Amino acid sequence: GKSRLVHTFFNNLSADFGPHQVFLCQTDQILRQSLNPLRYWLQRYFNQSSLQSEAENKALFEQKLEQLLAATPHSALAGELDRTRSFLGALLDLHWPDSLYARLEPQGRFENTLTALTTLLQAESWQQPTLLVIEDVHWLDDDSRHFLQQLWLAITAVPDIHYPLAIIATSRPEQQNEADAGTIPWQTIALGQLTPAELNQLAADLLGNSISPALQTLLVDRGEGNPFFTEQIVRYLQEQNLLVETEAGWTVTAVQQTVLPRDVHALLVARLDRLTARVKNGVQHAAVLGREFEVRLLTLMLREEENMGTILSEAEQAAIWAALNELRYLFRHALVRDAAYKMQLRARRQALHQLAVTALETLYTNDLTSHYGELAYHAEQANLTAKARTYLHKAGDVAREAYQNNEAL
């Protein structure tokens with residue numbers, strides 16, 4: 001329910017709140033790259049794309065930064081943002097031979113990178129109130145945690161200067177770390193179970209009409225008051241043609257109730273099994289790449305598949321994933337991705353990870369530097385020991401050069 005709550009919150013921000021901006025930082029379950037959620041935000045903030053040339057990406061980076069510099073009235077803030085621009089660029093794998101980033105030692109690079117990120121957010125919050133959203137903070141890397149502490153200290157250092165900046169972070173309660181907050185004064189909203197009435201409303205929204213008391217009882221018992229679990233049960237019953245509309249609303253018979261899978265993982269596997277063979281195969285390939293995946297990478301893995309568009313659209317219609325843009329897709333929920341991944345035998349998963357290694361090496365053959373971590377992960381999972389060792393060393397060297405010591409180790 002946490003992602004649904006945040007989504008609804010932003011959809012319902014009243015006009016009274018006034019102009020504001022939202023910066024999304026998505027953590028990654030697989031790629032534990034230093035400052036990864038901040039890189040995720042910056043890619044979109046500076047309109048970067050792997051389909052564009054380095055010159056085009058640099059031009060878009062400079063254009064966006066110059067616009068912000070021109071709109072920043074605080075001269076010291078603008079000066080610091082200008083001084084640290086090469087450190088922001090480095091987070092996007094943009095480098096200039098004579099830049100300050102290139103001239104500094106690793107420790108100086110890392111410290112100035114944190115300063116650059118802080119200054120960018122301070123400058124943006126002066127334009128309009130800013131909400132920094134960190135999804136799935138239980139996967140946050142140590143350097144990002146350190147950055148959040150520094151950001152808080154920076155925006156509270158001078159009592160007379162106020163930065164309208166807030167952080168919204170979502171986390172699974174069973175994986176929440178009390179030490180995460182540190183000195184930052186968090187307010188925590190613990191999500192309990194939805195009430196029977198709320199579950200009834202959710203089901204009615206999905207089905208277009210109210211539901212019977214019998215179906216409501218089933219959803220309360222099996223959905224555990226969780227909106228995601230409840231939605232999956234309703235979709236499963238729909239796909240199995242086990243729902244009938246009566247005077248009391250949509251209902252399911254006692255005989256039909258017995259066929260409902262025992263838990264949410266089994267339920268998701270059952271829904272995935274109902275997909276056509278080629279769509280399920282595509283979903284299983286994509287699951288190897290993580291919660292979010294690039295279409296070009298999946299296309300290379302599915303070498304013999306002629307119609308990728310059909311796979312993408314059919315899985316989207318089945319609420320397996322959603323399109324972020326024409327280049328990238330996101331599984332609707334981490335549990336959907338996990339189910340698609342774990343339903344496969346270990347030998348098949350190893351083979352798919354090997355395909356992912358080959359696809360990455362092919363797609364980014366001109367410069368693998370920013371993908372060493374991904375390559376190492378997939379090589380390890382594919383049991384390609386020698387290749388995994390090679391990429392782990394390379395990834396460690398890159399992290400060390402940026403003084404990202406936790407990542408390097």
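I began with the surroundings of α8, whose buried residues pack against α2 (36-45), α7 (106-127), β2 (130-135), β3 (165-169) and α21 (405-408). I note at the outset that the model is predicted.

Next I listed the residues of α8 that are buried: Asp-143, Ser-144, Phe-147, Leu-148, Gln-149, Leu-151 and Ile-155.

I then checked the length of α8, which runs over residues 142-155. Its 14 residues, at 1.5 Å a residue, should span 20 Å, and I found the end C-alpha atoms 20 Å apart, so the two values agree.

At the start of the helix I looked for a side-chain contact to the backbone. A side-chain oxygen of Asp-141 comes to within 3.2 Å of the backbone nitrogen of Asp-143. Asp-143 is also among the buried residues of α8.

I turned to charged pairs. Side chains of opposite charge can pair when their charged atoms come close. My search of the whole structure returned 18 salt bridges, and I examined several of them individually.

I first took Glu-80 and Arg-83, whose side chains form a salt bridge with an N to O distance of 3.0 Å. Both residues belong to helix α4 (residues 75-83) and are three residues apart, about one turn of the helix. An α-helix has 3.6 residues a turn, so residues three or four places apart point the same way. I recorded Glu-80 as partly exposed, at 23% relative accessible area, and Arg-83 as partly exposed, at 34%.

I next examined Arg-328 and Glu-292, a salt bridge in which the closest N and O atoms are 2.7 Å apart. This pair joins distant parts of the chain: Arg-328 is in strand β8 (residues 328-331) and Glu-292 is in strand β6 (residues 292-294), 36 residues apart. Glu-292 has a value of 12% and is buried, because the cut-off for buried is under 20%.

I asked which residues are linked with this pair in a network of salt bridges. The network consists of Arg-44, Glu-292, Glu-294, Arg-296 and Arg-328.

My last pair was Asp-338 and Arg-337, a salt bridge with its closest N and O atoms 3.1 Å apart. Asp-338 counts as buried at 10% relative accessibility, and Arg-337 counts as buried at 5%.

Definitions and conventions: Residues are numbered from 1 along each chain as its sequence is written. This is a predicted model: local features need pLDDT of at least 70, side-chain atom pairs count only at pLDDT 80 or more; totals for chains, interfaces and linings use all residues. Side-chain values use heavy atoms; hydrogens and water are left out. Helices (H or I, at least four residues) and strands (E, at least two) are DSSP runs, numbered from the N terminus. The expected span of a helix is 1.5 Å times one less than its number of residues. Buried means under 20% relative accessible area, exposed over 50%, partly exposed in between (1.4 Å probe, protein chains only). Contact means heavy atoms within 4.5 Å. A polar contact is a pair of N or O atoms within 3.5 Å; within protein, one must be able to donate a hydrogen and the other to accept it, and residues adjacent in sequence count only if both atoms are side-chain atoms. A salt bridge is a side-chain nitrogen of Lys or Arg within 4 Å of a carboxyl oxygen of Asp or Glu.
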